[in-house]
Amino acid sequence: MEIAGFFSAIIIGLIIGVLGRLILPGKQNLSFLVTLAVGVVAAIVGTLLAGALGVDDTSGVDWIELGLQLAFAVAGVAILDRTYGRRRH
């Protein structure tokens, strides 16, 4: 991954994290910063997986890469919400 790809993955990750949280049904008890961090990690992992699959560099929008990133974000938010989400008593 090039340095420009890394920075774009961080910026896209911030958006992907929020989208992942919006797609997941119900209310999540994670902080907004954790959601953003999940998005950044999901964007980086999705970019690396897209590169491994050979679908990271296409002409136009990389829809497969974005789909992978979003899937990782939804999964990450769901997992962290179930295990570490703030509990309300």
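**H1 against H3.** I started with where helix H1 touches helix H3, taking contact as heavy atoms within 4.5 Å. On the H1 side I listed Ile 12, Ile 16, Gly 17, Leu 19, Gly 20, Arg 21 and Ile 23, and they meet Leu 66, Gln 69, Leu 70, Ala 73, Val 74 and Val 77 in H3. By class, the residues of this contact divide into nine nonpolar, three polar and one charged. My classes: Ala, Val, Leu, Ile, Met, Phe, Trp, Tyr, Cys and Pro are nonpolar, Asp, Glu, Lys and Arg are charged, and the others, Gly among them, are polar.

**Ground rules.** This is a predicted model, so local features need pLDDT of at least 70 and side-chain atom pairs count only at pLDDT 80 or more, while totals for chains, interfaces and linings use all residues. Residues are numbered from 1 along each chain as its sequence is written, and side-chain values use heavy atoms, with hydrogens and water left out. Helices (H or I, at least four residues) and strands (E, at least two) are DSSP runs, numbered from the N terminus.

**Geometry of H1 and H3.** I looked up the axes next; they are lines fitted to C-alpha atoms, for helices over the stretch in contact, with angles from 0 to 180 degrees between N-to-C directions. The axes of H1 and H3 come within 8 Å and cross at roughly 60°. That makes H1 oblique to H3; under 35 degrees is roughly parallel, over 145 roughly antiparallel, 65 to 115 roughly perpendicular, and the rest oblique.

**H1 against H2.** H1 and H2 pack at about 125°, axes 6 Å apart. That makes H1 oblique to H2, and the crossing is right-handed. The contact's residues come out as 11 nonpolar, five polar and one charged. Among those I noted in H1 are Phe 6, Ile 10 and Leu 14, and in H2 Phe 32, Leu 36 and Val 40.

**H2 against H3.** Here the axes come within 7 Å and cross at roughly 140°. That makes H2 oblique to H3. I logged this crossing as right-handed. The contact has 13 nonpolar, four polar and one charged residues. The H2 side includes Val 34, Val 38 and Leu 53, and the H3 side includes Phe 72, Gly 76 and Leu 80.

**H2 itself.** H2 runs over residues 32–53, and its 22 residues reach 31 Å from first C-alpha to last, close to the 32 Å expected at 1.5 Å a residue. The expected span is 1.5 Å times one less than the number of residues. Its buried residues include Val 38, Ala 42, Gly 46 and Ala 50; buried is under 20% relative accessible area, exposed over 50%, partly exposed in between (1.4 Å probe, protein chains only). They pack against H1 (3–23) and H3 (63–84).

**Thr 35.** I checked this one separately. Thr 35 lies in H2 and counts as buried because its relative accessibility is 1%. Leaving aside neighbours within four places in sequence, Thr 35 is in contact with Gly 17, Val 18, Arg 21 and Leu 30.

**H3 itself.** H3 also has 22 residues and reaches 31 Å, close to the expected 32 Å. Glu 65 and Asp 81 are among its buried residues. What covers the buried residues of H3 includes H1 and H2.

Terms used
A crossing is left-handed if the near helix is turned anticlockwise from the far one by less than a right angle, and right-handed if clockwise.
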